[in-house]
Amino acid sequence: MKTIKSHSKTKKETVDIHEEFIPYQTKPLDSKYRITLGGRLTKLIGRRMNAEAYQIFVGRNGDILLRPSVSIPSNEAWVYQNPEVIEKVRKGLQEAREGKTERVDDLESFLDKL
């Protein structure tokens, strides 16, 4: 992420996004200037992740990007804030998907060896 100064004395955080976008649909604003995602798009996004909210990004040319997001309990956030820990978790999950696991009969003994 880059941080740039805005015209005011506060700093605005900017996110440099390099991603291809596919035109999906044109939706009109309702009487309260809202846009609904609709069932079809919600189902499409829902298959990939269970979005609880959307981060909203606005480009310099007015493009709007909605990024699905989920909340993480504060007592688990440290995992995502520590690059070494999250990398180990991802590696372990990948190894499990590949079947690289071993059976442990005595958990306490196994944990003592770590």
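Me: What makes β3 and β4 a hairpin, and which residue in the turn has a positive phi?

Reply: Five residues lie between β3 and β4 in this hairpin, and Gly62 in the turn has a positive phi of about 100°. The model is predicted, so local features need pLDDT of at least 70 and side-chain atom pairs pLDDT 80 or more, whereas totals for chains, interfaces and linings use all residues. Residues are numbered from 1 along each chain as its sequence is written, and side-chain values use heavy atoms, without hydrogens and water.

Me: Why is Arg60 called exposed?

Reply: Exposed means over 50% relative accessible area, buried under 20%, and partly exposed in between, with a 1.4 Å probe and protein chains only. Arg60, in the loop between β3 and β4, has 78% relative accessibility and therefore counts as exposed.

Me: Why does Tyr33 count as exposed?

Reply: Tyr33 is at 69% relative accessibility, and therefore counts as exposed. Tyr33 lies in the loop between β2 and α1, and its phi is near 60°, a positive value in a residue other than glycine.

Me: What makes a region a pocket, and what volume does the largest pocket have?

Reply: On a 1 Å grid over the protein atoms alone, a pocket is an open set of points with protein on both sides within 12 Å along at least five of seven lines; a cavity is a set where a 1.4 Å probe fits but cannot get out, and lining residues have an atom within 4 Å of a point. A volume is the space filled by probe spheres set on the points, which are joined across faces, edges and corners. For the largest pocket this volume is about 2000 Å³. Among its 39 lining residues, Phe21, Ile64, Leu65, Leu66 and Arg67 are the closest to its centre.

Me: Which elements give two or more residues to the lining of the largest pocket?

Reply: These elements are β1 (2-5), β2 (11-14), α1 (39-48), β3 and β4.

Key. Two strands pair if DSSP finds at least two bridges between them. Helices (H or I, at least four residues) and strands (E, at least two) are DSSP runs, numbered from the N terminus.
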